[in-house]
Amino acid sequence: MNRITRPALLVLALALGACARPATPVPEGVRYLSRAEWGAKPAAMEMKTHVPHRITIHHTAERQAPARSTAAKLQALQRFSQSEGTLGNGRPKRMWADVPYHLYVAVDGSVAEARPIRFVGDSNTPYDPTGHLLVVVEGNFEEEELSAAQRRTMELLIPALARRYNVPPEKIAAHRDFAETLCPGRSLYAEIPRFRELVAR
Ligand SMILES: [Zn+2]
């Protein structure tokens with residue numbers, strides 16, 4: 001007979017559960033939409049796995065659309081991602097397995113799970129996103145500013161991700177630090193030193 005009683009095992013399991021990392025990468029107080037909640041389709045092909053060691057920030061380059069649901073925006077982004085097409089600059093876009101980014105920060109401040117973080121993201125520009133946790137923020141930040149809800153979410157989310165994946169402040173960066181692009185737009189790029197400061201605290 002095993003000496004560990006059933007109640008003791010239950011206590012042990014609860015204690016281990018309490019020590020485990022939270023199930024979602026999004027901090028408390030931020031609304032999170034899982035892939036199931038926005039109605040994601042499965043990935044269209046196999047993806048490589050990686051362990052993120054830096055955070056790279058993008059914008060959608062499309063104007064914020066507060067009247068449209070986050071689920072509808074993610075479904076449209078996934079449809080675009082999983083098909084061949086043409087980019088805004090006229091260059092051809094190949095088919096991707098899934099949404100290229102890992103987390104999507106909507107204009108209302110909610111965060112949607114895009115590509116699962118354990119898989120390498122994708123890019124239209126020639127840099128290797130292996131090891132990059134890709135956060136995309138809804139808007140065209142060449143022309144717009146973060147909404148108050150997006151700013152609040154980013155100030156909670158970026159430090160929480162940095163803690164979870166051991167990302168030091170200097171590895172919080174923007175798409176344009178790696179490739180020739182305006183992404184994530186002027187006004188969002190200007191916020192990055194502040195995100196680094198929050199991570200350094
Ligand atoms: Zn980008």
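Reader: What makes E2 and strand E8 (residues 172-174) a pair, and in which sense?

Author: E2 and E8 are joined by 3 bridges, in the parallel sense. Two strands pair if DSSP finds at least two bridges between them, so E2 and E8 qualify. Within this pair, threonine 56 stands opposite alanine 173 in E8. The model is predicted: local features need pLDDT of at least 70, side-chain atom pairs count only at pLDDT 80 or more, and totals for chains, interfaces and linings use all residues. Residues are numbered from 1 along each chain as its sequence is written.

Reader: How many bridges link E2 to strand E7 (residues 132-137)?

Author: E2 and E7 share 6 bridges, in the parallel sense. Histidine 58 faces valine 136 in E7. Isoleucine 57 stands opposite valine 135 in E7.

Reader: What makes E1 and E8 edge strands?

Author: The open sheet has 6 strands, in the order E1-E6-E5-E7-E2-E8, with mixed pairing. E1 and E8 each pair on one side only, and that makes them the edges.

Reader: How many helices and strands does the protein have?

Author: The protein has 6 helices and 8 strands. From the N terminus, the order is α-β-α-β-α-β-β-β-β-β-α-β-α-α.

Reader: Why is strand E2 (residues 54-59) called mostly covered?

Author: Of its 6 residues, 5 are buried. A residue is buried if 20 or more other C-beta atoms lie within 10 Å of its own, exposed if 12 or fewer, and partly exposed in between, with C-beta atoms placed from the backbone. By that count, 33% of the protein's 201 residues are buried.

Reader: How do you know that the buried residues of H3 line one face?

Author: They are Thr70, Leu74, Leu77, Gln78 and Ser81. Seen down the axis of H3, they fall within an arc of 100 degrees, so they line one face of the helix. The arc is taken from the directions from the helix axis to the C-beta atoms. On the other side, Ala72, Ala76 and Arg79 are exposed. The buried residues pack against strand E1 (32-33), helix H2 (35-38), strand E5 (103-105) and strand E6 (111-113).

Reader: How does the reach of helix H4 (residues 148-165) compare with the expected span?

Author: H4 has 18 residues, and its first and last C-alpha atoms are 26 Å apart, close to the 26 Å expected. The expected span is 1.5 Å times one less than the number of residues. H3 (residues 70-81), with 12 residues, reaches 16 Å, close to the 16 Å expected. Just after H4, asparagine 166 takes a positive phi of about 55 degrees.

Reader: Which elements do the buried residues of H4 pack against?

Author: They pack against E2, E5, E6, E7, E8 and helix H6 (192-200). Leu157, Ile158 and Leu161 are among the buried residues of H4.

Reader: Which residues touch the most other members of the largest nonpolar core?

Author: Of its 36 residues, Ile55, Tyr101, Tyr104, Val105, Ala112, Val135 and Ile158 do. Such a core is a set of buried Ala, Val, Leu, Ile, Met, Phe, Trp, Tyr and Cys residues joined through C-beta atoms within 7 Å. Leaving out residues up to four places away in sequence, valine 135 touches Ile55, Ile57, His58, Tyr101, His102, Leu103 and Val105.

Conventions: Helix = DSSP H or I, 4+ residues; strand = E, 2+ residues; numbered from the N terminus. Contact = placed C-beta atoms within 7 Å.
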